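Reader: I have a structure open and would like to go through it by question and answer. Where should we begin?

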Amino acid sequence: MTFLHFAVLAPFLFAVLVPFLFKYIRKIHTGWFVLFVPLILFIYFLSFISVTSDGRDELQRMEWVPSLGINFDLYVDGLSLLFALLITGIGTLVILYSIFYLAGKKERLNHFYVYILLFMGAMLGVVLSDNIIVLYVFWEITSISSALLISYWYSKKASVYGAQKSMYITVFGGLSMLGGFSLLYVMAGTFSIREMVGNADVILGHDLFLAAMILVLLGAFTKSAQFPFHIWLPDAMEAPTPVSAYLHSATMVKAGIYLVARMTPVFAGGAEWFWIITSFGIFTMLWGAVSAVRQKDLKAILAFSTVSQLGMIMSLLGAGSAAFYYMDGDNALYTTAILAAIFHLINHATFKGSLFMVAGIVDHETGTRDIRKLGGLMTIMPVTATISFIGLAAMAGLPPFNGFLSKELFFTGITNVVQYDMWNGDTIGMILPVVAWIASIFTFAYSAIIFFRTFRGKFKPEALPVKKVHEAPAGLLISPIVLAVAVLLISIFPNMLAYTIIEPAMMSILPGILSEGSAFYVDIYHWHGINLELMMTAGAVALGIVVYITMDKWSKLGIYQRERDIMTAAYDNGYDLLIKGSQILTRAQMTGMLRDYLVYMLLFIVGIMFYTMFRFEGFHFGMDNASDIDIFMYFILGALVITVLLLPKVNNRMTAIILAGFAGFLVAFIFTVFRAPDLALTQLMVETVSVLLFMAVFYHLPNLTKDDITPLTKTINIVIAGLAGLMVTLVSISAFTFGQTTSLAAISEYYIENSKILAGGYNMVNVVLVDFRGLDTMLELLVLGIAALGVVSLIKLKVRESDDV
Amino acid sequence: MIKEPNDMMFRVFIRMIAIIVVTFSIYLFFSGHNAPGGGFIGGLMSAIAILVIYLVFGIDRIKAALPFNYTYMMSIGLLLAVSTGIISWIAGYPYLKQFFDYFQLPFFGEVELTTALIFDLGVYLLVVGAAMTFILTIVEDDS
């Protein structure tokens with residue numbers, strides 16, 4: 001347990017305090033306390049820059065389940081540090097923003113900040129874990145906290161819908177990823193990512209390589225909203241805006257990017273990695289950009305824009321991963337793409353974060369986010385308009401903003417693909433730059449739509465829910481201003497991050513690419529001369545203007561009216577089918593009759609036991625060394641058999657209870673004969689309690705009635721019951737014979753010898769219960785407790801007919 | 001359930017029987033380490049004693065005489081069982097390691113004290129609580 005471990009767990013620990021802070025210190029907004037967590041962590045992680053910028057890394061180990069190779073190992077290198085700084089840095093700003101955004105008296109801040117802190121800790125865990133199982137656990141916590149945050153205003157139907165959708169899609173991906181991780185473990189024999197990177201050639205040659213890769217990519221693609229899994233992101237916009245800015249643009253959706261970057265050294269040796277990621281990424285970029293233009297809600301435009309930008313970063317990572325495929329190739333050809341990916345990741349976090357916050361401000365001050373109602377806010381909200389202009393210009397890729405710089409690098413990286421051997425440069429490879437360019441046109445267009453439809457045009461106060469529209473309070477503006485300043489700083493001094501952040505991150509995505517002793521050298525500058533990239537930008541801007549100007553014309557087309565993504569329809573139908581299918585399945589087997597459930601269970605147990613016994617040749621029959629049976633045992637057993645056979649014939653409930661009790665007491669008697677006093681006592685107690693229970697509820701029970709079951713069902717039930725009895729008998733005899741014929745020592749010998757020495761008790765049964773196998777007992781207690789609570793909730797809280805389920 | 005219990009003999013005897021049963025259950029609980037018995041059996045037997053009283057005197061009387069919240073009793077039992085394990089864990093031993101030693105107590109003479117007894121007390125409480133919760137919930141249900 002080092003300080004680094006504490007840093008990852010700190011948000012979780014602080015989350016425990018939040019409800020108390022909320023309850024007892026109502027005067028101060030809970031957010032002010034929470035603010036310190038990301039702020040301190042941010043400063044703490046800044047101190048790691050000195051480590052990573054020297055090309056070093058730091059590994060802090062802590063054992064968790066060492067016997068399974070699962071350890072809580074934290075690993076800080078350039079890539080994880082970049083993400084940790086993003087998580088804590090943007091986190092600080094978002095929490096500051098949320099203090100003013102969620103200022104209402106009725107907001108349930110305790111929920112909000114607990115979820116946010118859960119998310120923050122989990123996200124730090126994802127990017128810092130070296131062990132993929134630990135990473136997976138944190139990964140799922142981000143999905144859960146994200147769903148909780150989306151449904152923060154849970155009385156709205158759309159919130160719950162969005163939360164469910166994001167949960168289903170990301171957890172589906174997460175589970176696939178767990179499968180992929182298991183396959184990786186099978187191949188590499190380790191859960192540690194660093195050791196997998198070392199074994200990359202073993203993994204590459206393995207039969208399971210492709211399966212593991214696709215499963216891991218499913219996790220990354222669902223999380224990072226790649227086509228066709230992107231549909232959850234627009235619906236996630238039902239969350240409060242601070243959440244959208246934090247989770248759904250700056251951090252959580254980049255977890256998939258992180259995973260792809262992290263796994264690049266493991267998988268990129270295969271060509272499939274390159275073309276799957278690049279093609280999905282570039283298609284997502286286009287799809288997102290085209291969809292964004294159709295949206296009328298500010299946040300929906302930003303959501304699809306995020307989808308598009310994530311696709312762009314993804315495609316860059318794909319293009320750059322080819323460096324591993326051509327280990328001897330021209331480095332700059334591939335590494336430019338990785339550089340562009342990292343640089344754009346940072347830029348996107350800054351400008352998209354500020355844009356989401358601005359959208360939140362507009363919503364907060366005017367009461368709507370519909371661009372058809374908004375307009376002319378520039379004079380009323382000058383600061384907000386300025387911030388959004390900076391953010392939008394960066395997003396559209398206008399010089400000299402940072403978005404322009406990364407977009408130029410993006411064009412370079414993606415046009416380089418044409419020169420790769422694996423693509424026929426003049427044919428298929430040309431598609432990538434062309435698609436990227438078309439997407440850029442729409443990127444410019446939707447950026448223009450946001451700015452001009454919100455801040456320019458005619459002010460329409462009659463359409464707005466809020467009557468007196470004015471500039472946002474200073475507190476709301478601080479965070480977006482900080483981000484806008486960051487955009488400007490990066491735009492003017494793009495190289496200020498080159499040495500400290502970008503180069504170390506490139507080192508960790510592309511280990512072993514460089515020859516010994518050399519380092520990546522990053523120099524980002526504005527003017528490259530008039531080259532292809534600049535022409536592409538100019539063309540995108542020009543055509544983007546055309547798209548915007550002709551908006552009045554094409555917005556009348558049918559396609560503009562269809563806001564919902566067509567993939568959403570597929571999701572909805574699939575969801576309905578799933579519900580209907582499972583209802584049919586459930587109704588077919590859930591009859592409400594205890595007898596039927598017993599049949600299922602017995603069939604399963606009998607089947608699996610017989611299969612196992614035959615499969616492993618477990619049957620042994622031989623009655624040597626068996627002791628003689630006393631005469632009175634025949635009487636007891638005979639009485640037991642007669643009682644049991646009589647039971648089904650009885651029509652009177654009282655008689656049935658007495659008979660069942662009699663059988664139980666006979667069993668207790670058998671235990672006594674075989675010198676098992678504890679068992680006998682327990683059996684006696686249980687029988688007594690059951691009989692007492694029956695007596696207590698006797699008046700409530702209906703009379704036994706003859707069930708109208710067919711003779712066929714009856715026969716089947718008799719056969720199943722007979723098989724169950726036969727199985728138990730055969731297994732017992734086999735166990736006895738096996739014990740006699742082999743020289744294996746019985747496990748009881750250990751307890752006989754040690755119960756007095758190690759646990760100080762003569763009663764072996766009890767010593768086993770409370771000491772040797774104490775954990776089992778404790779979990780059984782838990783089960784008993786849960787069962788009791790289950791009875792309470794079934795009976796006391798049962799659903800009345802009028803209740804809505 | 002007996003609506004208007006008026007059986008005098010039954011009522012008198014059941015009080016005595018219940019006391020004997022409870023006493024015996026406590027004996028079973030303490031003797032568990034070295035002789036048949038233990039928390040589970042002792043707990044069930046105590047539950048039987050309470051149930052027998054309940055059958056004769058009805059639910060209102062029993063609630064007035066023994067005002068336990070059986071759900072709380074369950075959670076206290078579970079907490080006891082869990083916390084004995086945690087103590088040994090904090091002390092650096094494996095979770096749920098039990099300790100025992102022999103002490104010379106006045107009046108009792110040499111007595112063996114074990115941490116397992118505390119664990120077993122947890123079992124006892126949970127079993128009483130769970131059994132009573134099961135039965136009282138079912139019995140009280142009037143719909």
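Author: Begin with a term: two residues are in contact when they have heavy atoms within 4.5 Å of each other. The model is a predicted one.

Reader: What share of the contacts in chain A with a separation of 6 or more comes from residues 24 or more positions apart?

Author: Chain A has 33 helices and four strands, and its C-alpha atoms fill a box of roughly 105 × 65 × 55 Å along the principal axes. Among contacts with a separation of 6 or more, the share from residues 24 or more positions apart is 79%.

Reader: How much of chain A is buried?

Author: A residue is called buried when its relative accessible area is under 20%. Of the 805 residues in chain A, the buried ones make up 52%.

Reader: How far apart are the end C-alpha atoms of helix H20 of chain A, and what span should its 19 residues have?

Author: H20(A) covers residues 474-492, and among its buried residues are Leu476(A), Leu483(A) and Ile490(A).

Reader: How large is the area buried between chain A and chain B?

Author: The size of an interface is often given as the accessible area lost when the parts come together. The contact takes 44 residues from chain A and 45 residues from chain B. Carbon and sulfur atoms give 76% of the buried area, which is about 3800 Å².

Reader: Which residues of chain A lose the most area to chain B?

Author: Three residues together account for 15% of what the side of chain A buries. They are Met685(A), Val770(A) and Leu781(A).

Reader: Which element gives the most to the side of chain A that touches chain B?

Author: By class, that side has 29 nonpolar, 10 polar and five charged residues. Elements giving two or more residues to this side include helix H29 (677-697) and helix H31 (748-759) of chain A. The element that gives the most, with 15 residues, is H33(A).

Reader: Is Val697(A) buried or exposed?

Author: Val697(A) lies in helix H29 of chain A. Leaving aside neighbours within four places in sequence, Val697(A) is in contact with Ile138(B) and Val139(B). Its relative accessible area is 8%, which is under 20%, so Val697(A) is buried.

Note on methods:
Residues are numbered from 1 along each chain as its sequence is written. Chains are lettered from A and ligands numbered from 1 in the order in which they are written. This is a predicted model: local features need pLDDT of at least 70, side-chain atom pairs count only at pLDDT 80 or more; totals for chains, interfaces and linings use all residues. Side-chain values use heavy atoms; hydrogens and water are left out. Buried area is the accessible area (1.4 Å probe) that two parts lose on being put together, summed over both. Ala, Val, Leu, Ile, Met, Phe, Trp, Tyr, Cys and Pro count as nonpolar, Asp, Glu, Lys and Arg as charged, and the others, Gly among them, as polar. The expected span of a helix is 1.5 Å times one less than its number of residues. Buried means under 20% relative accessible area, exposed over 50%, partly exposed in between (1.4 Å probe, protein chains only).
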